[in-house]
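Work through the exercises below with the sequence and the 3D structure open beside the text. Each one sets a task and then follows it with a solution in steps.

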Amino acid sequence: MSESEQPDRATIESRQIAALGLMFPMLTAGNPFYASRIRAAGLEGGPDSLSDFFALMPFTTKQDVVDDQRTLPPFGTNLTFPIEEYTRFSQTSGTSGSSIRWLDTPESWQWMVVNWARVFQASNVNAHDRIFFAFSFGPFLGFWTAYEAGAKLGCLCLPGGGMSSSARLRAILDNGVTVLCCTPTYAVRLGEVAAEEGIDLALSNVKTVIVAGEPGAGIPATRARIEHLWPGARLWDHHGMTETGPVTFECPSRPCVLHVMEDAYIPEVINPESGIAVGPGESGELVLTNLGRIGSPLIRYRTGDLVKRAVADRCACGTGELALEGGIIGRTDDMVVVRGVNLHPSAVEQIVRSFDQVAEYRVLVSTINAMTEVTLEVEPVATCLSHPELSRSIEAALRTAFNLRVAVVIAEAPLPRFEAKSKRWVRAEVH
């Protein structure tokens, strides 16, 4: 779509209001979770404007959904239709608390498939591509919808569940795979295994690596690491959630910038403390309202994802859809305050990944007598010549970046590797 064909802000918002006008009567009539909220807000027929919507409709939190499912297990009351109309089951990973179960009707599922097709199209994926999905195909939403979107586009789709990293690499090379879908952490891991086994990934046909599931592709050092391990491939970021579905695609013109698909979502960026919208160029928590997952919707859902709104209304790529600088910066519950300094995992990863002698790392967070301390464990690559020098260099980089001394120690044994979401920050209470 050319820039002249891209809808302006007024058109985007008009379409969003129209979508709410269609959805709200259905939810009022059939969705117990939202019916009372919509009636209390006086929005049974849908809002007249987005400003009315933001002023009158309350936020939905993850805890609201968790409590609802605990009260009426297993699926809760956020179901707009009879249970017999639902054909898909998903479940959140539970990395930030209790797992949530999610059901979808065929219509809601296809809405998500269409959204993922847009992610592929923005990444220049077409029917000639062969896509390898290096994930477990477990109950979390993951790349399930991506797999079906790839098939819908006419791509040859190869499932990589239940395979070792070595077997996945062989499948990628043997089948002429051109697109790899996985988490940022696992893209690094596959590159490391290839190096360990003497596999030259420059000989592969992979030209596109699409990652999701965790921050990483929006971190310049991590992006550079992945593209170094996969020579000739362009890295593309994407993010979504089991609760919401696929949300963003990476800007074709500006790496590390994500666009929210505003034909599918109403996005907001708010101050996590006050709940008030932040301005352009400011950071805050991403709030989402989905417009097509009517069977199990979320309205003004506080995702817990930290993002930064871009300054310009229209991007260099031509779209006027909300742009998020740096992608997903982190989580509202991930930040650690150490001696008055705010440490975000993505900021620490940017420092660590800038050292190519680090194979893997882990952050140990401990609370001793109400004081939070952080220790960084690093696993050097096999060719690292001086472990003490590596530790000192990383400590110096962290001190320069944060004006904070963080102890850096060499791991005594290989650190864990991850296929799905990484768990590099480990917390422990010490009294």
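**Exercise 1. Find how many salt bridges the whole structure holds, and describe the one that joins E262 and R9.**

Solution. A search of the whole structure finds 25 salt bridges, where a salt bridge is a side-chain nitrogen of Lys or Arg within 4 Å of a carboxyl oxygen of Asp or Glu. Before going further, note that this is a predicted model, in which local features need pLDDT of at least 70 and side-chain atom pairs count only at pLDDT 80 or more, while totals for chains, interfaces and linings use all residues. Residues are numbered from 1 along each chain as its sequence is written, and side-chain values use heavy atoms, with hydrogens and water left out.

The side chains of E262 and R9 meet at 2.8 Å, N to O. This pair links distant parts of the chain, 253 residues apart, with E262 in the loop between β11 (257–260) and β12 (265–270) and R9 in helix α1 (residues 9–30); helices (H or I, at least four residues) and strands (E, at least two) are DSSP runs, numbered from the N terminus. E262 counts as buried at 4% relative accessibility, whereas R9 counts as partly exposed at 34%, given that buried means under 20% relative accessible area, exposed over 50%, and partly exposed in between (1.4 Å probe, protein chains only).

**Exercise 2. Work out where the partners of the salt bridges E192–R225 and E227–R223 lie.**

Solution. Start with E192 and R225, whose side chains meet in a salt bridge at 3.5 Å, N to O. The pair links distant parts of the chain, since E192 is in helix α8 (residues 184–196) and R225 in helix α9 (residues 220–229), 33 residues apart. Both E192 and R225 are buried, and they belong to a network of salt bridges that links R189, E192, E196, R225, E379 and R417.

Next take E227 and R223, whose side chains meet at 3.9 Å, N to O. Both of these residues lie in helix α9, four residues apart, which is about one turn of the helix. E227 is partly exposed, with a relative accessible area of 28%, while R223 counts as buried at 7%.

**Exercise 3. Locate R300 and N403, which have positive phi values, and decide whether each is buried or exposed.**

Solution. Phi of R300 is near 50°, a positive value in a residue other than glycine. R300 is found in the loop between β13 (283–290) and β14 (301–308), and R300 is buried, with a relative accessible area of 5%.

Phi of N403 is near 55°, again positive in a residue other than glycine. N403 sits in the loop between α11 (387–402) and β21 (407–410), and N403 is exposed, with a relative accessible area of 69%.

**Exercise 4. Find the cis peptide bond that joins P73 and P74, and place P74 in the chain.**

Solution. The bond between P73 and P74 is cis, with omega about 0°. P74 itself lies in the loop between α4 and β1 (88–91).
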